[in-house]
Amino acid sequence: MNGTVTVLDKGTVRIHSYMSPADTFHATTQLIETPARIIAIDAQLNPAYADEAVAYARGLGKPLDRLIVTHAHPDHYNGADRFGAPVHVLPLVREQIAARPAARLPGGLSVPATALPGSVDITPGREVVDGVEFVFEAVSGGEAADELLIKLPDQGVLVAQDLVYHDVHLYLGNDDITGWRQLVDALASESGYDTILAGHGTPTGPEVYEDIRRYLDDARELLGDDGDAYKKAIVDRYPAHVGPFIIDIANRSLFPAAG
């Protein structure tokens, strides 16, 4: 396996957090194992890594019930067809995915256009699966235009996905530092969640919120009008963070004239 898996035992629920290698920014697929099934969250950018996550899920010996896609960035939906399970998504996120044209990333990976055919609407609210309560919340602004937040209140698990990165450089291409900081502040104000599942990086705890706020504040200070200068400055300030090439991808949106 090229990726890595972190397993967290939460009693009736086990969390299996698959993290891709550095070449796709340590993106995560969360596998929520309930008593009778597996619920997957986010689908990887590289289909080969999606295959790894699916193979691991199959090895748990329970059916893959569904794949939830949290937002319209390709590193979270491009491998969706590898899961062989119904795709559940917020209707607005589905529209945003359908509006994205085909693309080829700097490393050569092709991202075809897709409309997630046959996908199932997610309605924000509460759903009980195998006796496990899931709370679905739609949030706007920040890392992406719109995202799905998932909470397992009885297990103290908050599936933040790309609202939280753990020791990985942030993707700022949505150009909404203020909105992202507001969302992180709101998450930090909630009690009862001691496990935070990040969209990039390993599972963490509530201390990650202060790390994200600090990075966002530093990014606001350093951005300026030169993408190369910004990348050097933020990498110098966070030398232990991984995935600096995610800054290059974001800079194509932040500084289009330079790209």
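Colleague: Is Phe25 buried or exposed in this model?
Modeller: The model is a predicted one, in which local features need pLDDT of at least 70, side-chain atom pairs count only at pLDDT 80 or more, and totals for chains, interfaces and linings use all residues. Residues are numbered from 1 along each chain as its sequence is written, and side-chain values use heavy atoms, with hydrogens and water left out. Phe25 has a positive phi of about 65° although it is not a glycine. Because its relative accessibility is 6%, and buried means under 20% relative accessible area, exposed over 50% and partly exposed in between (1.4 Å probe, protein chains only), Phe25 counts as buried.

Colleague: In which loop does Leu116 lie?
Modeller: Leu116 is a residue other than glycine with a positive phi, near 45°, and it is buried, with a relative accessible area of 6%. Strands here are DSSP runs of E of at least two residues, and helices are runs of H or I of at least four, both numbered from the N terminus. On that numbering, Leu116 lies in the loop between β8 (110–111) and β9.

Colleague: Which strands are the edge strands of the open sheet?
Modeller: The open sheet has seven strands in the order β1-β2-β3-β4-β5-β6-β9, with mixed pairing, where two strands pair if DSSP finds at least two bridges between them. Each edge strand pairs on one side only, and these strands are β1 (4–10) and β9 (120–121).

Colleague: Which residue in β2 stands opposite Val5?
Modeller: Strand β1 is joined to β2 (residues 13–19) by seven bridges, and the two run antiparallel. Within this pairing, the residue of β2 opposite Val5 is Tyr18.

Colleague: How are α3 and α4 oriented to each other?
Modeller: Helix α3 (residues 177–188) and helix α4 (residues 208–222) pack with their axes 10 Å apart, at an angle of about 165°. The axes are lines fitted to C-alpha atoms over the stretch in contact, and angles run from 0 to 180 degrees between N-to-C directions. Because angles under 35 degrees count as roughly parallel, over 145 as roughly antiparallel, 65 to 115 as roughly perpendicular and the rest as oblique, α3 and α4 are roughly antiparallel.

Colleague: Which residues does Gly79 touch?
Modeller: Gly79 is found in the loop between β5 (64–69) and β6 (87–89), and at 0% relative accessibility it counts as buried. Contact means heavy atoms within 4.5 Å; not counting residues up to four places away in sequence, Gly79 touches Ala43, Gln44 and Ala50.
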